[in-house]
Amino acid sequence: MADKKKKNLPPEAQTYQAFQDQREVKRPLLKNCIKAFFVGGLICVIGQVITTFYIYFFNFTEQTAGSPTVSTLIFITMLLTGFGIYDRIGQFSGAGSAVPVTGFGNAVISSAIEYRTEGFILGVGSNMLKLAGPVIVYGVFSAFVIALLKTILTNWGGL
């Protein structure tokens, strides 16, 4: 809590806040950042290996290998989430496992698993994209705005 807010609290609350601060377990911030860095980097290295695999064995170019790579990473993440392995990776690495592509796959399949008891239509179908839906909407909207700005700058700005 910010120091300004602490001064406005009643004395009992300030005493409790001081007690809470003494008892609070200190988080190993540097250790967590290092774990997140290496796990996130490892996921990106795996993505690069998959991209190279598609370029080398299936004659994709660097521009066209992106889509199958993203699809493969999402599929692998969904499998790992379904087997409960990705949750352990997430607990170990924290934000490092939230690389956008793998985080999307984890969010979709986690919701599907959570709501499967409510049925396929009202449970899985209606709740699967509850968390990932806003990501898709804002991602598409952001891409539209960027494309619009690029078109305007290219056609009228002479870039």
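This is a predicted model: local features need pLDDT of at least 70, side-chain atom pairs count only at pLDDT 80 or more; totals for chains, interfaces and linings use all residues.
I count residues from 1 along each chain as its sequence is written. Local features need pLDDT of at least 70 and side-chain atom pairs count only at pLDDT 80 or more, while totals for chains, interfaces and linings use all residues, and side-chain values use heavy atoms, with hydrogens and water left out.

**Aromatic rings**

Helices here are DSSP runs of H or I with at least four residues, strands are runs of E with at least two, and numbering goes from the N terminus. Phenylalanine 57 has a relative accessible area of 53%, so I wrote it down as exposed.

How many aromatic pairs does the structure hold? I found seven. The ring centres of phenylalanine 53 and phenylalanine 57 are 5.0 Å apart with the planes at 50°, so I logged this pair as tilted. For reference, rings of Phe, Tyr and Trp (its six-membered ring) pair if their centres lie within 6.5 Å; planes under 30 degrees apart are stacked, over 60 edge-to-face, and the rest tilted.

I then turned to tyrosine 54 and phenylalanine 60. Their rings pair edge-to-face, at 5.7 Å between centres and 75° between planes. Tyrosine 54 is buried at 16% relative accessible area, and phenylalanine 60 is partly exposed at 28%. Ring pairs join Phe53, Tyr54, Tyr56, Phe57, Phe58 and Phe60 into one cluster.

I placed asparagine 59 in the loop between H3 and H4, and it is exposed, at 69% relative accessible area.

**Annotated spans**

Which residues does UniProt mark as "transmembrane region"? The unreviewed entry gives 36-57, 69-86 and 135-153; its positions are in the numbering used here, feature names are shortened, and annotations may be inferred rather than shown by experiment. I compared two of these spans with the model. Residues 36-57 are 100% helix and 0% strand, with end C-alpha atoms 31 Å apart. Residues 135-153 are also 100% helix and 0% strand, and their end C-alpha atoms lie 27 Å apart.

**Helix H8**

I looked for valine 145 and found it in helix H8 (residues 132-156). Valine 145 is partly exposed, at 31% relative accessibility.

Is threonine 81 buried or exposed? It is buried, at 4% relative accessible area, and it lies in helix H4 (residues 66-82). Leaving out residues up to four places away in sequence, I listed its contacts as Tyr86, Asn106, Ile109, Ser110 and Ile113 (contact means heavy atoms within 4.5 Å).

I followed that list to serine 110, in helix H6 (residues 100-114). Serine 110 is partly exposed, with 26% relative accessibility. I also noted that serine 110 and isoleucine 74 are 36 residues apart in sequence and 13 Å apart in space, C-alpha to C-alpha.

Definitions and conventions
Buried means under 20% relative accessible area, exposed over 50%, partly exposed in between (1.4 Å probe, protein chains only).
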